[in-house]
Structure formats: C-alpha cells, structure tokens
Amino acid sequence: MKRILIHTLIFSPDGVSTAYIYNDIALRLQEKGYEVVVLTTTPHFNIVKEQVDRQPMRWKVWGLCKQSSFHGIKVLHVPQKKFKSTVLRLLGFCYWHIVSFFTALFIRKVDLILSPSPPLTIGWLNLALAKLKRCKVVYNVQEIYPDILKLKGGMKLKFLRWIEKKVYNGSDAVTTIDQVFYDNIAGRFNNPEKLHIIPNFVDTDLYHETPWEDRLDEKLFPRTDSIKLLYAGNIGHYQAWKPLIALAERTREMNVEYYVIGEGAKRDYVADEKKLLQLDKLHLLPYQPREMMPAILSYSDLSFIFMAPETDSDGFPSKVYSIMACKRPLLVMSGENTPIVNFLQHKGCAKLITGQDFDQNVEEMAEWLGKVKKADLREMGKRGLEVVKQNYTKEMVTDMYVDLTDKCILHC
C-alpha cells in the first residue's frame, strides 16, 4: 500500500476552512486505497471544543508531539499556540518547522508528500524531506506568497522569492485553485506543465439549504422580514471592514440587517464602530459550530464579502462555495480581474462591485439593496447551487487530487 504524508499547518480538529478541505482530501485518498499519515499542529486557529473532544490527542513524545486518529488516519500534532506577540508567533512558527521536520524523518516509507500553503516555507521543508525519503512532492498554492505580503523590495523579499522558485521548480507537481492564480505564477516555473488547477470545493452533504426555524436561537436570529446580509468567518485583515460600516450607516433607514459571525484581528474595530455610530442593525456574534452554518446561511438572504484591496489578487475565500451550496447569492466588493470576481462573473449568482471609488461603491450597494427583491435573491441562489453541483462538489474535486497523486507516484 502506498503511503501519503499530508504535511499541513492546519488539520482536524482545528475548525477552519483549510482544515476541512484537507480533512476531505485525506479521507478520499484513504478511500481510494492509500495509507494516509498527517503531520500538523495542535488546534490553535479556531478551537472548537466539540471537535477536540471527538478527536482526543495523546502525547506520543512528551513535550514534542501528540497523536490522534481521524477516521482511522494517524495524525501527529506538534504543539502550537496562537500568540498575540509577533515575536512569540515567529518563534512558534520556527519551532513547528524544526520539530515537524525531525518528526517526519521517523515516518517510514513515504511515497508522496502533499502540502498546502501557507506557509511557503513548508514546501521548502518538504523538498529536503523528499530527498531524504526519495519520494514525490505536491505543493498546493492556496494563497500566493510572498505576493500577499506586499513587500517592497529588500532582502526579505529576495529570500522569499528564492524559496518560491525552489519550491515551484523542485516539486513534482504544483496545484493552484483558480485561473487568475495560475496566470500569476505560471511564468515562475521552468516547466509550466508542473502547474495544475484544482479548485477548492464544498461538502454538499453538509452544506445545503435547510430549515432553520427550529434550529436557531430566536434571540440571536429573530424572525423578521428584513433583507439579511451575512458574513461568517475570520474577521481579519484580508477583508475590508470600512465598506461594511459605511453601508450599514447608509442603509440604517432601510429594512436591511447585517450579521457578522466570527473572531479575528478586526473584530474590535467592527464592534467599536457599531457602538460609536449606533448601528443597531449590525449584529456581531461569536463563532458558531460548523454544523449550525447551513441553518445560519439558510436564515440569511445573501452573504457579503468585501475583499481588502491590498490582498484581493492573492487569495480566494473558500466560503464562497459553501454559500452557493446553501442556495444563497453573494454581494462582493473586489477589484477587477481578481480570483473571486473571475470566478463569480457571468454565473448570475452574485452582485459584483469592482469600482475604484469608495463612496460610489457604497452608494451602488445601497441602491441595489433598496431595489432588489427577495424573489430575485432566491433566483440568484438557485443559479449558484447549479454551478456547485456541476463542478465543485467534494467528490469531484477530491478525485482530482487522487488522480494527480496516482500520476505523480507512477510517472513524475
């Protein structure tokens, strides 16, 4: 039996999108006859108590590595914490690289290593492991580094560019999630045939339109006839939050409400602005269990995603697929020719705002919300669901990873 090592910063029981994606990839590889071993961290991005309880971790090497089982897959966890201090985060990051490298050396008979970015450095680490283990390497570009850091020259950028070149050209195959990503990085390969597009996906068994009336707390999700806009996920720097505040202020007299669910670096900013401007129709809620998200998405009329201009060309929020699978449309603000706009344009399931003028963008969104009918939103949602069914289900996309794995082991 061939053995696959998935080497990733995030995996179950951590409760973030990359973990869920790689959970499903691991299970599909196992289902197709591969033995899968995962080398990752302890949960630290979004710790969900129920998931941790279902997947208990025990010390394998005290102080260095824990072990758990995910549906029969052995998972090795290097301890990691989400520090507020930049210095401590950097030290923790270096610690994980060192310990995971030496831990991987003791995993015998590996045929292929699969890793997602971030971080870029994990790809570099895997090239060294592959030489020692004489195995293949597949590197998955979820975000384009170092581009997303927006560095303006200097030794740090040169060093990261050097690592990027080594990773892209040293790997046996590289995957990326979108045509825009592909176009951005194809010129960085000596052999562009190594680069493949494999999109992200959604588990349609979990994410689908579902009755919410008896599942949601009416105190948090009241039954009203307003148009309800939802954002659920990390409230961080990759999204733009000033447009939300401006839009909520502009539409305060309309029958429109906004729900922001999650945690992150910009949550305090949203909370402070809500209080300062008395935005009573902007509701800020903590993370909700993943199992509740289909009902929460079904409660909403549409979801909004406002991408930060500094990074909108270098990332793609995978929550787009979950929203579409629940038959809900999107309101998106991002630049032209960005991955999210490239994906959604011409599909009829999203209102796209791509202008450069902030005030005009806010006004365009407010006018649209003042005119759009719930029936129109339902039709947009239906079109989005059809797109998902045709191309982005868990089964379709994870089979693409299996096919690439088969080809690399046999021919790369």
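In the predicted model, Leu114 of strand β6 is the bridge partner of Ile6. This bridge belongs to the pairing of β6 with strand β1 (residues 3–7), which runs in the parallel sense over three bridges. Leu114 also stands opposite Val138 in β7, and the pairing between β6 and strand β7 (residues 136–141) is again in the parallel sense, extending over five bridges.

Strand β6 spans residues 112–116, and because five of its five residues are buried, the strand is largely enclosed by the rest of the structure. Leu112, Leu114 and Pro116 point one way from β6, whereas Ile113 and Ser115 point the other way, with buried residues in both groups.

For the protein as a whole, the secondary structure comprises 14 helices and 15 strands. The radius of gyration is 22 Å, which agrees with the value near 22 Å that a compact globule of 412 residues would have, and the C-alpha atoms fill a box of roughly 65 × 45 × 45 Å when taken along the principal axes. Of the 412 residues, 55% count as buried, and among contacts between residues at least 6 apart in sequence, 73% join residues at least 24 apart.

The protein carries 56 positive and 48 negative charges, the mean positions of which lie 8 Å apart.

Key
Residues are numbered from 1 along each chain as its sequence is written. This is a predicted model: local features need pLDDT of at least 70, side-chain atom pairs count only at pLDDT 80 or more; totals for chains, interfaces and linings use all residues. Side-chain values use heavy atoms; hydrogens and water are left out. Helices (H or I, at least four residues) and strands (E, at least two) are DSSP runs, numbered from the N terminus. The radius of gyration is taken over C-alpha atoms; the globule rule is 2.2 Å times the number of residues to the power 0.38. Buried means under 20% relative accessible area, exposed over 50%, partly exposed in between (1.4 Å probe, protein chains only). Contact means heavy atoms within 4.5 Å. Lys and Arg count as positive and Asp and Glu as negative; His and the chain ends are not counted. The place of a charge is taken as NZ of Lys, CZ of Arg, CG of Asp or CD of Glu. Two strands pair if DSSP finds at least two bridges between them.
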